[in-house]
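Thanks for making time this morning.

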Amino acid sequence: MAVIEPTNALEQVLLPFKGATGWRGDFAARLKKDGLPTRRDEDWKWSDVARATKGITGAGKVQFRSSVNPEWTEVRRAADQDFFANLLAFAGVMNVTYFEPRNLTVLDLDFRALKGVSQAAATIVGAPGMSVRVHEHYSSEAQAFSAIGVDYVVWPGARVERVILIDEAPESVLLLSSGVTVHETGEFVQTVISQGGKLVRHETQLHSAGGGAKVTLNAAYLVGKGAHADLTTRVNMHGPDGKLSQLTKGIAYGGGHGVFQGKIHVKREAQKTDARMTHKGMIIDEKSEIDAKPELEIYADDVECAHGNAIGTLDEMALFYMQQRGLPESEARRLLVESFLDEALAEITHEQTAATIRGLMSKRLKDLV
Amino acid sequence: MLEIKNLHASVGGDKPILKGLDLSVPKGEVHAIMGPNGSGKSTLSYVLTGRDGYEATDGTILYDGEDVAGMAPEERAAKGLFLSFQYPVEIPGVPTLTFMKEALNAQRRARGEDEMSAPDFMKTVREKAKLLNISGDMLKRPLNVGFSGGEKKRLEILQAAVLEPRFLILDETDSGLDIDALKVVSDGVNALRSPERGMLVITHYQRLLDHISPDVVHVMSDGKIVASGGPELAKELEAEGYDKYVRAA
Ligand SMILES: Nc1ncnc2c1ncn2[C@@H]1O[C@H](COP(=O)(O)OP(=O)(O)O)[C@@H](O)[C@H]1O
Ligand SMILES: [Mg+2]
C-alpha cells in the first residue's frame, strides 16, 4: 500500500542531493524581494501570468484522486488565496502529498482545479531498483488559476516513466512545476502533452547526478484559439556520464501561442555528458505564434551536446498531394499535424495511454480548420 | 472526356506559363505530351488537378462535360482524376497503407459509396502490389519517406491501381527508372488501360512510349500544344529533338 498522507517529507527526501532542488527556494526568495514576475523577467518574457489571471478571484480548490484512492480529495491550502501566494506555491509548497509507490508499478494521479485560485503539491519517489509508471492528468473548470508542484526523486536503479496530460478549460490558468532529482543509474522518462488553457506553463527543473543516469524529456503542445502553452525546462548535469534526450514538438493555430524555453547546464564535473535537445514547432496560420529559446551552458570540455530548433509551417505540397488522392483538406491537415506531433509520444510505453492521448489530441484538432 | 480550350495560367503571382493551350482526350484514349523542360507540362498537371496557386486565368477545362474551375482537389479526385506526381511527396509519420486506405474511403464517401472493409482492402492491395514488385514491408513504412525514385514511381502506380481513377495524368513517371523498373511500371500502366478510362502521359523521352503505345502524341512548347500526330511523332522527336518546335513557338 502506498503512503498517501500530507507530510513534510519534501525536505527530507531531498537531503541526499542537497542543493539540487534549491530552485524553488531561490524562486521564492526572488518573489519575496522583487514581487511578481513580469514580462521583463527573462524567464517569463513570453508568458504574461498577471494578464492571463486578471479577473480570476476567490478561493478555489484543487481536487485530487489516484488509482490508490479513487475518491476525490481536496488538497487546497487554506489561506492566502491570492496571486502572490499562488506563485509561492509554485515555488515551494507546504501542502505536500507524498507517494512512495513501493508496491506499485502504475500510479494514476488526477488533478482537477475548480473555479478560483488554488494550490497543491506532491512528491513522488521512485525507490531504489523499482520501476514505476505514473500518469498525471490535469483538468480544470473555467476560471481556475491553480499552481501545482510535483516533485520526483529517482533513486539509483529506479526507472520512472511519467506521462503528464494537461487538458485545461479555455479560461483557466495552470502553473505546473516539477522538481526532479535523478540519482546515479536512475532513469527518468517524461512525456508532457499540453493542450488548451488560457495559459499553461509546465516547468521542469531537473538535476541529474550523472553516473549512468538517463533522462528523457519529451513534450507535445497544441494550442488553438485563445490558448497558450509554455514548456520550460532546465536540466542540470552534475556528474560524469549522464544522458539526456529531449524532444519537444508543437503546433499553434487559430491564434494560439506556444513557448519553448530549454536550458541545459553541464557542470565542470559532468564530463562525458551526452545531451541532445530538439524543438520543432509548426505554425499553421499567420495569427499564431511560437517562441523558442534553446540554450546550452557547458563547463565541461569532454561532452557531446547538441541542440536544434526549427519552426516551420504546414507542408503545402504534402497537403496538395493528400488532397489529390482524395482526402478532404481538413482531414489532410489533421493527419499531417498528428503525424508531426506523434514523434514526441514515442516514449509512452503503455499502448492504452498513448491511444487515449491520441484520441484527445484528435478531438482538439477538430477545430483546426 | 477531357476538353481543354484556350487555357491560360500563371504561377507565382503573374508569371504566365500556359498560353492558350488546347487539348482534347476522348474516353478510352491514351495521349502523350512531350516537350522540353520548362515548357509547362507539370504546370498543366497542377492546373488540371486544382493545386492552390495554379488557377486558370482564362479558358476552360471540361472533365466529363463539367467545368472543373472552383472544384477542390479532393473533389476532382473523387470524380476520378488522378495525378501521378513527377516528384511524389514524402509524408513522414503516415504509413503508406493507412494513407491509401484513408484516401480510398474518403473518395468513396465523397461519391456516396460504402467504405471498403479492412480485409477487402488488404486483399486488393496485396494482389496489386505483387504485380508492381512492392513489398509488404514498403507499405508499412511512412509514405514515400526514404523510398528510391523508382520505388516512389511504382507506388504512384499502385495507388492508381487501388483508387481506380477514370482519368490518369502521368507526369514523367518514367524518370528515374532503370530498364527493369520501366517495364514493371509500364505493365502496371497498361493494365489500367480501358475503354472507360482516359490517360495523359507526360514524358520527356520516347522510351516510355515504346512500352505504352499512345493513340496521339502532342508536342508542347512554351505553354502551348504546337504539334499533334501519331506515335511516329514521338520517334521523330527522339531523333531530331525539340529544336524545330522551340524555334517555332
Ligand atoms: N511555383 C512556381 N513559381 C514560379 N515559377 C514556376 C513555378 N512552378 C513552375 N514554374 C516555372 O514554370 C515554368 C514551367 O515549369 P514546369 O511546368 O515545371 O515545366 P515542365 O514540367 O514542362 O518541365 C518553368 O519556367 C518553371 O520555372
Ligand atoms: Mg515537369
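Predicted model: local features only at pLDDT ≥ 70, side-chain atom pairs only at ≥ 80, totals over all residues.

Ser10(B) is buried, because its relative accessible area is 16% and buried means under 20%, with exposed over 50% and partly exposed in between, using a 1.4 Å probe and protein chains only. Ser10(B) sits in strand β1 of chain B; helices here are DSSP runs of H or I with at least four residues and strands are runs of E with at least two, numbered from the N terminus. Leaving aside neighbours within four places in sequence, Ser10(B) is in contact with Lys15(B), Pro16(B), Ile17(B), Gly53(B), Glu55(B) and Thr57(B), where contact means heavy atoms within 4.5 Å.

Residues are numbered from 1 along each chain as its sequence is written, chains are lettered from A and ligands numbered from 1 in the order in which they are written, and side-chain values use heavy atoms, with hydrogens and water left out.

Staying with strand β1, residues 2–11 of chain B, we come to His8(B). Is His8(B) buried or partly exposed? At 24% relative accessibility, His8(B) counts as partly exposed.

Two loop residues of chain B deserve a mention for their backbone angles. Asn144(B), in the loop between α5 (136–140) and α6 of chain B, has a positive phi near 65° although the residue is not glycine, and Asn144(B) is buried, with a relative accessible area of 0%. Asp222(B), in the loop between β9 (216–221) and β10 (224–229) of chain B, likewise has a positive phi, near 50°, but Asp222(B) is partly exposed, with a relative accessible area of 37%.

Now to chain A, which has seven helices and 19 strands, and in which 59% of the 369 residues count as buried. Within strand β17 of chain A, Ile283(A) counts as buried at 19% relative accessibility. Ile283(A) and Gly312(A) are 29 residues apart in sequence, while their C-alpha atoms are 6.2 Å apart in space.

Turning to the helices, α5(A) is mostly covered, with eight of its nine residues buried. What covers those buried residues of α5(A)? The cover includes α6 of chain A together with α1 (41–49), α2 (73–78), β6 (81–84), α3 and α6 of chain B. At the N-terminal end, Asp315(A) caps α5(A), with a side-chain oxygen 3.0 Å from the backbone nitrogen of Met317(A), and after the helix comes Gly326(A), whose phi is positive, near 115°.

The helix α6(A), residues 329–342, has 14 residues that at 1.5 Å a residue should span 20 Å, and its end C-alpha atoms are 20 Å apart, which agrees; the expected span is 1.5 Å times one less than the number of residues. Its buried residues include Leu335(A), Leu336(A) and Phe340(A), and their cover includes α5 (316–324) and α7 (351–364) of chain A, as well as α3 (96–110) of chain B.

The axes of α3(B) and α6(B), residues 149–163, come within 10 Å and cross at roughly 35°, where axes are lines fitted to C-alpha atoms, for helices over the stretch in contact, and angles run from 0 to 180 degrees between N-to-C directions. Residues making this contact include Phe99(B) and Met100(B) of α3(B) and Leu155(B) and Leu158(B) of α6(B).

How values were computed:
Polar contact = N/O pair within 3.5 Å; in protein donor to acceptor, adjacent residues only side chain to side chain.
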